[in-house]
Amino acid sequence: MSACCGQAERGRWVPEESMPSPALLPSVSVMGHCRRRGSQLLLGQECHLQVYEQGGVAQLAGVLANPLPDLPHGTLDLAELQRVLARGHGSPYHPVCELVCLENTHCSSGGRVLPIDYLRQGTVLRLRWHMTAQVPHTQSWSPHQAPDSRPCDSSGGHTQEPPGDLSSLGLAPLTSACPAFQVHLLARTYGARIHLDGARLMNAAVALRVPPAHIVEHCDSVSFCFSKGLGAPGGALVGGPKDFIEEAWRFRKALGGGMRQSGVLAAAALVGLAGAEEALLQDHKNAQRFAKGLQELASPVCSVDPATVETNMVLVRVNGLAPTELCQRLQVVSADEVAQIGRAVHVLVFPWTEQSVRAVWHRDISTQDTDLALRKWALVLRQLES
Ligand SMILES: *Cc1c(COP(=O)(O)O)cnc(C)c1O
């Protein structure tokens, strides 16, 4: 597992800790970084850690989560991030921001992958990062000093002029195309760390066609689940610098997560990792196949944009009936339907928002299953439309 998280990468990623349940990941990761009570965690307002963890970072870590707007790719609004980071920096009044949490792939946006552009700037990032760390904040250095450091200008021309205070910090122009790169630089500038909620890190890596190490090298720590697309019954991992892992180990123990039986979970994790790349790639292809198939049905009840399907999730917009109702109809099987399709097909999808349902692929859903699911959708949609 170390190899997949990049143990070999510049020696930063040596330590890691296993968790019996992914549920311990967020609290332990945040507690490992935010050592003072009342410190601030910046994260997306729809990210898993903010929405689905009972406010565990407040309950357990005494940390103030400050949710920021999510942009469509699952990235953060950089101008807002910079504003909040700058406001707390060195101020005796504001909460001190110690951590920024990113999610990759980003679940609430439908499994979107944080854009690759910043990854291509890896060397440049390190160069700029050192320079940023060495110059006092008041002293400026412009992107012209490192001409190759203009991020993302090969990526489609999103580059804009920097807002005034950003350029005075020596930050490159903000671009919507390279947010994680920019997030890292911003966080460093203001003394915060980056944690990557990489529950689906492997999906992101497969979608970007890079080793997972190329993603996590831009973060200070990462958490990862074996129980999502990899299909293990449980198990999760946290990786990061040694001091972080030592703290995380203590918190895990305090929260009741210490195990003498972790070998059993590790064995399942190894099974999950075996052939993971091909399996996840197949999931992504199946999700894409489904999205296109559903789009071709051209139903007024359901719509989907295959261009937004980047990994193993499909968000389907539902018009004219409650998502829960659609989910129920997809799940039950009528005798009539068995006659039409030739077998009983139960499709399990999740009511996601007030106007959407979410379908997710994993290694137990084959291409044949995907086609059967499409036939079932077609049938249910025809019934709904009539
Ligand atoms: C599943 C998941 C986790 C861990 O969730 P638990 O429900 O606590 O096991 C963390 N982050 C993301 C993005 C996830 O999808």
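Lys228 is buried, having 22 other C-beta atoms within 10 Å; a residue is called buried if 20 or more other C-beta atoms lie within 10 Å of its own, exposed if 12 or fewer, and partly exposed in between, with C-beta atoms placed from the backbone. The model is predicted, so that local features need pLDDT of at least 70 and side-chain atom pairs count only at pLDDT 80 or more, while totals for chains, interfaces and linings use all residues. Residues are numbered from 1 along each chain as its sequence is written.

The loop between β6 (221-225) and β7 (236-239) holds Lys228, where strands (E, at least two residues) and helices (H or I, at least four) are DSSP runs numbered from the N terminus. Leaving aside neighbours within four places in sequence, Lys228 is in contact with Ala199 and Arg200, a contact being a pair of residues whose C-beta atoms, placed from the backbone, lie within 7 Å. An unreviewed UniProt entry annotates Lys228 as "modified residue: N6-(pyridoxal phosphate)lysine"; UniProt positions are given in the numbering used here, feature names are shortened, and annotations may be inferred rather than shown by experiment.

In the chain as a whole, the secondary structure comes to 17 helices and eleven strands, and buried residues make up 45% of the 386 residues. Among contacts between residues at least 6 apart in sequence, 71% join residues at least 24 apart.

### The seven-stranded sheet

Seven strands form an open sheet with mixed pairing, in the order β1-β7-β6-β5-β4-β2-β3; two strands pair if DSSP finds at least two bridges between them. At its edges stand β1 (16-19) and β3 (64-68), each with a single partner strand, so one side of each is left without a neighbour in the sheet. Neighbouring strands of this sheet are turned by 20 degrees against each other on average, direction ignored. Strand β2 (residues 40-44) runs parallel to β3 and is joined to it by five bridges, and the bridge partner of Leu41 in β3 is Ala65.

Ala65 is also, with Val63, in contact with Ala58 once neighbours of Ala58 within four places in sequence are left aside. Ala58 lies in helix α4 (residues 56-59) and is partly exposed, with 14 other C-beta atoms within 10 Å.

| α15 (residues 323-331) | β9, β10 and β11 | about 160 degrees to β10 |

### The four-stranded sheet

A further open sheet has four strands in the order β8-β9-β11-β10, paired in the antiparallel sense. Its edge strands are β8 (302-303) and β10 (350-353), each with a single partner strand, so one side of each is left without a neighbour in the sheet. Between β9 (residues 313-318) and β11 (residues 356-360) there are five bridges, and Leu315 has Arg358 as its bridge partner in β11. Two bridges join β8 to β9; Ser303 stands opposite Arg317 in β9, and Arg317 in turn stands opposite Ser356 in β11. Five of the six residues of β9 are buried, so this strand is largely enclosed by the rest of the structure.

In α15, the buried residues include Pro323, Leu326 and Leu330. These three cover an arc of only 60 degrees around the axis, which puts them on the same side of α15; the arc is that of the directions from the helix axis to the C-beta atoms. The buried residues of α15 pack against β9, β10, β11 and α17 (367-385), whereas the face turned away from the buried side carries the exposed residues Glu325 and Gln328.

### Nonpolar cores

A nonpolar core is a set of buried Ala, Val, Leu, Ile, Met, Phe, Trp, Tyr and Cys residues joined through C-beta atoms within 7 Å. The largest has 63 residues, of which Leu41 and Val100 touch the most other members. Helix α10 (residues 201-208) contributes the largest share of this core, seven residues. Beyond its neighbours within four places in sequence, Val100 is in contact with Leu42, Val183, Ala187, Ala192 and Ile194. Apart from this core lies another, of 25 residues, among them Phe290, Ala291, Met313 and Trp361.

Terms used. Contact = placed C-beta atoms within 7 Å. Axes fitted to C-alpha atoms, helices over the stretch in contact; angles between N-to-C directions.
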